[in-house]
Structures are given as structure tokens and as C-alpha cells.
Amino acid sequence: MIKACIFDLDGVIVDTARYHFIAWRALANELGFEFTEEDNERLKGVSRMASLDILLEIGGIELSQGKKEELAAKKNENYRSYILKMKPDELLPGAEEFLKELKSHKILVGMGSGSKNAMTIVERLKLKPLFDAIIDGTQVTHAKPDPEVFLKGAEALDVEPEACVVFEDAAAGVEAALKGGMKCVGIGSPDVLGKAHLVVAGLSEMSYEKLMQLK
Ligand code: G6P
Ligand code: MG
């Protein structure tokens with residue numbers, strides 16, 4: 001029996017991947033190397049510091065912990081300058097409609113995001129009324145693929161993990177959902193998200209009826 005759906009934020013509800021990309025690329029260029037959109041794929045669903053480690057590995061650069069923290073803060077400041085300008089129409093197609101459809105069928109709706117900036121986006125885009133519980137990167141100690149963020153989401157919704165379906169655009173997120181004993185719908189390409197129970201291109205392809213077929 002499916003009682004709740006838990007959504008990742010970046011790449012599922014909002015298209016923030018391009019802002020992360022612009023900010024990481026600016027940092028790479030400053031450090032003297034190129035950073036492509038293909039490189040950026042590797043950062044999806046990955047925590048801020050782990051993302052920086054991947055970026056530095058691409059550039060072949062080794063830095064002290066202190067310097068890394070400084071660069072991560074700089075990237076975040078740049079990223080925030082973009083999300084602070086986001087508008088409600090930057091919700092991905094079908095997201096609002098599907099979340100409302102779930103509510104009309106009494107399915108609980110949660111958010112499980114690894115981002116420490118999630119609440120800024122929630123406030124900018126006025127997303128709070130769409131969710132019954134929100135867990136973000138400030139409330140977890142273990143990043144995806146650890147299931148902590150989704151397990152905390154299930155707990156906040158008071159639903160057992162087996163009755164939850166997670167929606168994720170990153171391979172690390174799919175892995176987290178499965179580790180947590182939840183069903184998972186991948187948002188994106190089956191090449192990357194093949195382990196999910198179902199893969200769709202976007203939430204506009206989802207419906208309550210399709211969700212119920214996952215049982
Ligand atoms: C999401 C994004 C990642 C990002 C991570 C941390 O998982 O997909 O690209 O690195 O959140 O985001 P933050 O806003 O805390 O830097
Ligand atoms: Mg994501």
C-alpha cells in the first residue's frame with residue numbers, strides 16, 4: 001500500500017542544476033580549467049564538499065581543507081545569487097499538478113533534499129503548502145546514497161518506508177531510496193537511473209494511476 005511520496009528537490013521539482021553548473025564552472029575557470037555540462041552530471045545529488053572534490057579531481061588540483069572550505073563557500077555565494085532571483089514559473093513541468101493530484105487522493109507528500117539551500121528555494125517559490133514534511137541538507141549528517149534524508153522524511157510523515165515512493169533524478173538518490181527499503185521512480189534517463197522501479201522523463205508523465213501500478 002502506497003501512503004506517501006517523497007520528492008528530491010533539485011532536478012525533480014525545480015531546475016537548479018543549471019545554476020549549480022554555472023557556479024561550479026565559474027570556480028573551475030577561476031582555477032584555470034574547463035568544466036563541461038557532462039562533468040556537471042557527476043555532481044547531481046552529490047553534497048557540496050563531495051562536488052568540490054570531484055571538480056578539483058577534474059582540474060588535477062590538490063588543496064588544503066581550509067582552502068577547500070573557502071572555495072565551497074564562494075561557489076555557494078555565487079549559486080545563491082541565482083536562486084535568490086528564482087521565480088515561481090521555474091517549477092519543472094507537471095510538478096505542481098502531480099503534487100496536488102496526490103493530495104486529492106490523500107497521499108502524503110514529503111521533500112528529501114540534500115541541499116542546505118532547499119529552504120531558500122521553498123520560500124522563493126512558495127512551495128511549503130505543497131508539502132506535509134520537508135527534510136533538507138541541514139537536518140542530515142549522511143549525504144545520499146545514504147538513506148538518512150528519506151528515512152527522516154518517512155518518519156516525519158509517520159509512514160513506514162515500505163509505503164513510500166521516492167522521486168529522484170540522481171543515481172545516488174535512487175540508491176539511497178532503495179537502501180531505505182522504499183520504491184523509487186527515476187526522473188531522467190534509464191541509462192543513469194536503471195535501478196529505479198520506474199523511470200520517466202519528468203513529473204508531467206506521472207499520475208496517481210501510474211503510481212498505483214507500482215504496488
Ligand atoms: C543537490 C544537488 C547537488 C548539490 C547538493 C548540495 O543534491 O543535486 O548538485 O551539490 O544538493 O547542495 P547545496 O545547496 O547544499 O550546496
Ligand atoms: Mg536531484
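**Exercises: a metal site, a ring cluster and some strands**

Asp 8 (OD), Asp 10 (O) and Asp 169 (OD) coordinate the magnesium ion (ligand 2) at 2.0 to 2.2 Å. Donors here are N, O and S atoms within 2.8 Å of the metal (3.2 Å for Na, K and Ca), and with water not among the atoms, sites may look incomplete. A quick note: this is a predicted model, where local features need pLDDT of at least 70, side-chain atom pairs count only at pLDDT 80 or more, and totals for chains, interfaces and linings use all residues. Residues are numbered from 1 along each chain as its sequence is written, chains are lettered from A and ligands numbered from 1 in the order in which they are written, and side-chain values use heavy atoms, with hydrogens and water left out.

**Exercise 1.** Work out what spacing the donors of the magnesium ion (ligand 2) follow along the chain.

- Step 1: The donors follow D-x1-D-x158-D.
- Step 2: Asp 10 is in the loop between E1 and helix H1 (17-31), while Asp 169 is in the loop between E4 and helix H8 (171-179), so to speak distant parts of the chain, 159 residues apart. Helices (H or I, at least four residues) and strands (E, at least two) are DSSP runs, numbered from the N terminus.

**Exercise 2.** Find which cluster the ring pairs build around Phe 98.

- Step 1: Rings of Phe, Tyr and Trp (its six-membered ring) pair if their centres lie within 6.5 Å; planes under 30 degrees apart are stacked, over 60 edge-to-face, the rest tilted. The structure holds five such aromatic pairs.
- Step 2: Phe 7 and Phe 98 have ring centres 6.1 Å apart and planes at 75°, so they're edge-to-face. Phe 7 is in strand E1 (residues 4-7) and Phe 98 in helix H5 (residues 95-104), so this pair ties together parts 91 residues apart in sequence.
- Step 3: Phe 98 and Phe 167 are edge-to-face too, at 5.6 Å centre to centre and 65° between the planes.
- Step 4: Put together, Phe 7, Phe 98 and Phe 167 are linked into a cluster.

**Exercise 3.** Trace how E4 and E5 are joined.

- Step 1: Four bridges join these parallel strands; strands pair if DSSP finds at least two bridges between them.
- Step 2: Val 166 has Cys 184 in E5 as its bridge partner.
- Step 3: Four of the five residues of E5 (residues 183-187) are buried.

How values were computed. Buried < 20%, exposed > 50% of the residue type's maximum accessible area, 1.4 Å probe, protein only.
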